[in-house]
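Hi,

Here's the structure I promised to pass on. Have a look, and then read on for what turned up in it.

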Amino acid sequence: MAEKFAVKKGDKVIVLAGKDKGKSGEIVRIVREDRRAFVSGVNMVKRHTKQSQTETGGILEKEASIHLSNIALLDPKDGKATRVGYKQLDDGRKVRFAKRSGEVIDS
């Protein structure tokens with residue numbers, strides 16, 4: 001069975017460690033095997049690319065992956081880092097909630 005992660009694509013997260021500590025962004029992609037995520041505007045690197053038929057060459061800036069242990073979900077209430085909990089609602093749905101404020105993350 002696939003491992004369960006507290007964050008998923010589209011979540012707003014904040015960086016806890018590294019050169020971009022304190023920056024926040026949205027998760028663009030998650031690499032499950034490596035436990036890494038690509039966050040928009042965070043951990044930017046320069047790539048020297050050769051010109052191809054479809055793209056122009058040059059020095060392009062793009063996001064590099066960041067380990068899941070170095071990011072935390074943003075609390076929807078106050079915008080600070082929070083841990084994630086799971087609970088069963090009255091209608092039977094299992095949802096994620098912010099441990100900081102108790103706010104439900106999944107709609």
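Predicted model: local features only at pLDDT ≥ 70, side-chain atom pairs only at ≥ 80, totals over all residues.

Residues are numbered from 1 along each chain as its sequence is written, and side-chain values use heavy atoms, with hydrogens and water left out.

The largest pocket has a volume of about 190 Å³ (an open set of points on a 1 Å grid over the protein atoms alone, where a 1.4 Å probe fits, with protein on both sides within 12 Å along at least five of seven lines; lining residues have an atom within 4 Å of a point). Lining it are 13 residues, and Lys 4, Phe 5, Lys 8, Tyr 86 and Arg 96 come closest to the centre. Strand 10 (residues 94-98) gives the largest share of that lining, three residues.

Now the strands. Strand 1 and strand 7 run antiparallel, joined by three bridges, and Val 13 sits opposite Leu 73 in strand 7. Strand 7 also pairs with strand 8 (residues 81-82), antiparallel, over two bridges (pairing takes at least two DSSP bridges). There, Leu 74 is opposite Ala 81. Six residues lie between the strands of that hairpin, and Gly 79 has a positive phi near 75°.

Finally, Leu 68 touches Phe 5, Val 7, Arg 35, Arg 36 and Ala 37, leaving aside residues up to four places away in sequence (contact means heavy atoms within 4.5 Å).

Cheers

Terms used
Points joined across faces, edges and corners; volume = space filled by probe spheres on them. Helix = DSSP H or I, 4+ residues; strand = E, 2+ residues; numbered from the N terminus.
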